[in-house]
Amino acid sequence: MDNIEALLKEKGLTKTAFSDLLGIKKQNLNGLMKNPTLETIKKFASVLDVPMWQLFASPEEVAKETKGETCPYCGQPIAIRTTIEKV
């Protein structure tokens with residue numbers, strides 16, 4: 001899960017701050033990052049405020065996926081998020 005470190009850097013978070021947001025000790029974070037469960041991945045994505053797929057995508061895929069349309073009224077980019085929900 002190398003993308004987590006890139007996301008932390010992008011969001012200005014240290015591993016210590018990230019572990020605090022997750023409610024775990026920093027020492028436990030490395031273990032969770034090496035062998036995460038689905039629930040852990042969901043929690044990582046939630047705390048980082050990104051869709052789960054972004055934890056596994058390359059930076060090029062993320063850039064391609066997040067490059068979207070612009071608002072015809074204000075010209076600002078329109079952010080489209082992809083989430084998977086339980087039905």
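A residue is called buried when its relative accessible area is under 20%, and exposed when that area is over 50%. With this definition, the buried residues of helix α4 can be listed: Thr-40, Ile-41, Phe-44, Ala-45 and Leu-48. The model described here is predicted.

**Overall architecture**

- The chain contains five helices and zero strands, and its pattern along the sequence reads α-α-α-α-α.
- Of the 87 residues in the chain, 23% are buried.
- Among contacts with a separation of 6 or more, 45% join residues 24 or more positions apart.

**Confidence of the prediction**

- The average pLDDT of the chain is 82, and 78% of the residues score at least 70.
- Among the elements of the chain, α2 has the highest mean pLDDT, 94, whereas helix α5 (residues 59-66) has the lowest, 67.
- Where pLDDT is low, the predicted coordinates should not be read in detail.

**Helix α4**

- Viewed down the axis of α4, its buried residues lie within an arc of 135°, so they line one face of the helix.
- An α-helix has 3.6 residues a turn, so residues three or four places apart point the same way.
- The other side of α4 carries Leu-38, Glu-39 and Ser-46, which are exposed.
- The cover over the buried residues of α4 includes α1, α2 and α3.
- Asp-49 follows α4 and has a positive phi, near 60°.

**Helix α1**

- The buried residues Asn-3, Ile-4, Leu-7 and Leu-8 belong to α1.
- Around the axis these residues cover an arc of only 145°, which puts them on the same side of α1.
- Asp-2 and Lys-9 are exposed on the face of α1 turned away from its buried side.
- The buried residues of α1 are covered by elements that include α2, α3 and α4.

**The largest nonpolar core**

- This core has 13 residues, of which Ile-4, Phe-18, Leu-29, Phe-44, Leu-48, Val-50 and Leu-55 touch the most other members.
- At least two residues of the core come from each of α1 (2-10), α2, α3 (26-34) and α4.
- The greatest contribution to the core is that of α4, with four residues.
- Apart from its neighbours within four places in sequence, Leu-48 contacts Ile-4, Leu-7, Leu-8, Lys-11, Leu-13, Phe-18 and Leu-55.

**The aromatic pair**

- The structure holds one aromatic pair.
- Its members are Phe-18 and Phe-44, whose rings are tilted, at 5.3 Å centre to centre with 50° between the planes.
- Phe-18 lies in helix α2 (residues 15-22) and Phe-44 in helix α4 (residues 38-48), so that the pair links distant parts of the chain, 26 residues apart.
- Phe-18 and Phe-44 are both buried.

- Ser-19 counts as buried because its relative accessibility is 1%, and the cut-off for a buried residue is under 20%.
- Not counting residues up to four places away in sequence, Ser-19 touches Ile-24, Lys-25, Lys-26 and Leu-29.

Definitions and conventions: Residues numbered from 1 in each chain as written. Predicted model: local features only at pLDDT ≥ 70, side-chain atom pairs only at ≥ 80, totals over all residues. Heavy atoms only, no water. Buried < 20%, exposed > 50% of the residue type's maximum accessible area, 1.4 Å probe, protein only. Contact = heavy atoms within 4.5 Å. Phe/Tyr/Trp six-rings, centres within 6.5 Å; stacked < 30°, edge-to-face > 60°. pLDDT = per-residue confidence, 0-100. Core = buried A, V, L, I, M, F, W, Y, C linked by side-chain atoms within 4.5 Å. Arc of directions from axis to C-beta.
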